[in-house]
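User: I am new to this structure. Please show me how to read its features.

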Amino acid sequence: MTVVDQHTAAVAIPGPSLDDFEAARATVSAVAQVTPMEVSRYLEELLGVPVFMKCENLQRTGSYKIRGAFNRMSKLSEEERARGVVAASAGNHAQGVAFAAKELGIKATIFTPTGVALPKLQATRAYGAEVVLTGDTMIGPLRAASEFAKQTGAVRIPPFDHHDVVAGQGTVGLEILDQMPEVETVVVPIGGGGLMAGVASVMKQRAALEGRSIKVIGVQATNAAPYPLSIEAGKIVEVSVKPTIADGIAVSKPGELNFDIIKHTVDEVVTVDDDETARAILVLLERAKMVVEPAGAVAVAAVMSGLVKATGPTAVILSGGNIDPMILERVISRGLASSGRYMKMRIPLPDRPGQLARTSEIVADENANVVEVLHTRHGTGLQISQVELELHIETRGPEHAEQVLEALRREGYEPRTDF
């Protein structure tokens with residue numbers, strides 16, 4: 001949905017100033033790397049303009065979160081540092097806070113759900129933080145972190161809704177402008193809005209100074225998308241978060257400061273579903289050799305789904321790369337299926353010898369690869385004289401999959417498919 005026009009120069013943007021962002025850059029440079037901008041020929045072909053990917057998946061701790069966490073914590077007084085810090089997070093924010101605390105010599109306590117991905121849990125503990133597992137969702141850790149802060153005096157480090165956090169995350173935008181001065185469109189993942197608020201504010205403020213326009217597009221997961229509704233309503237709207245593989249941006253409502261900045265600076269917010277995100281992760285693996293978590297891949301998913309109308313050279317932010325290998329395996333399978341390269345079919349067969357061999361031969365003749373076979377007499381809707389053959393096959397894409405199905409139909413079979 002459209003949020004603002006390009007005349008942002010006339011609008012006073014709340015939150016950090018350009019001087020604040022530059023100061024944050026000087027601060028976070030002590031720990032954060034200047035991540036590369038990698039060209040994407042594949043996305044360029046889709047958009048028809050040069051496309052570069054800002055690779056925050058290659059950042060220390062695996063995401064941009066270290067920037068905001070370190071900038072916020074570096075401003076704590078000696079008395080506050082002595083009390084320690086506390087945060088609630090299921091992943092990237094936890095690692096950012098833990099790493100920043102280690103660098104600054106501050107004790108950190110992180111509350112996280114019991115189902116947190118093992119690699120994220122191990123990394124957070126490896127940075128020296130005390131990790132407390134509580135609850136099945138983020139509700140439990142958030143409550144526990146709040147209570148812990150009240151009881152101990154520990155300083156809560158928010159994941160997105162704070163001036164210093166926004167300033168730290170906005171340093172991503174400063175780097176993009178340095179590395180790609182000609183940028184005209186920027187596509188950014190949105191959860192609570194810390195990264196988007198920072199990047200959008202930097203882009204619009206610099207564009208105003210230079211007398212030009214930069215288009216900023218945000219992307220949310222369809223099952224966790226409070227920003228489109230909030231922008232339409234003109235106020236913060238809380239939504240019910242449904243399951244999504246993009247758990248890193250699964251936030252029920254915008255941050256207050258973040259929303260205030262975003263409604264003044266972001267041109268459009270679009271949403272992508274899990275299948276689109278899975279396809280993007282697969283493309284990033286195959287074409288760019290990049291490991292990117294679902295939340296970090298939604299900007300690419302939006303480009304691939306035709307939701308981004310770019311005006312000139314475009315930057316797409318890959319916000320994180322912390323994905324559990326077990327989840328990655330499932331996401332790859334889903335990406336293959338949603339792109340028509342993995343197909344499950346069920347075929348009713350006469351219950352007599354030779355039918356399995358015949359169907360396998362037909363599939364092989366069409367150069368498709370069978371990866372799994374299930375043969376049963378208990379399929380729904382089968383006649384007493386029938387069995388059901390379930391085949392999982394790899395294909396080269398939708399056209400090849402349809403070619404296999406048509407070959408089976410020509411031989412009198414009636415395949416039913418799940419792509």
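User: How do the strands of a sheet pair in general, and what is the strand order of the sheet here?

Analyst: Strands of a sheet pair through backbone hydrogen bonds, either parallel or antiparallel. Here an open sheet has four strands in the order 5-4-3-6, paired in parallel. Strand 5 (130–133) and strand 6 (155–156) are at the edges with a single partner strand each, so one side of each has no neighbour in the sheet. Two strands pair if DSSP finds at least two bridges between them; helices (H or I, at least four residues) and strands (E, at least two) are DSSP runs, numbered from the N terminus. This is a predicted model: local features need pLDDT of at least 70, side-chain atom pairs count only at pLDDT 80 or more, and totals for chains, interfaces and linings use all residues. Residues are numbered from 1 along each chain as its sequence is written, and side-chain values use heavy atoms, without hydrogens and water.

User: How many bridges join strand 3 to strand 6?

Analyst: Two bridges join strand 3 (residues 85–88) to strand 6. Val-86 has Arg-156 of strand 6 as its bridge partner.

User: How are two packed helices described, and at what angle do helix 13 and helix 15 pack?

Analyst: Two packed helices are described by the angle between their axes and the distance between the axes. Helix 13 (residues 274–287) and helix 15 (residues 325–338) pack at about 105°, with axes 8 Å apart. Axes are lines fitted to C-alpha atoms, for helices over the stretch in contact (heavy atoms within 4.5 Å), and angles run from 0 to 180 degrees between N-to-C directions. The two helices are therefore roughly perpendicular to each other; angles under 35 degrees count as roughly parallel, over 145 as roughly antiparallel, 65 to 115 as roughly perpendicular and the rest as oblique.
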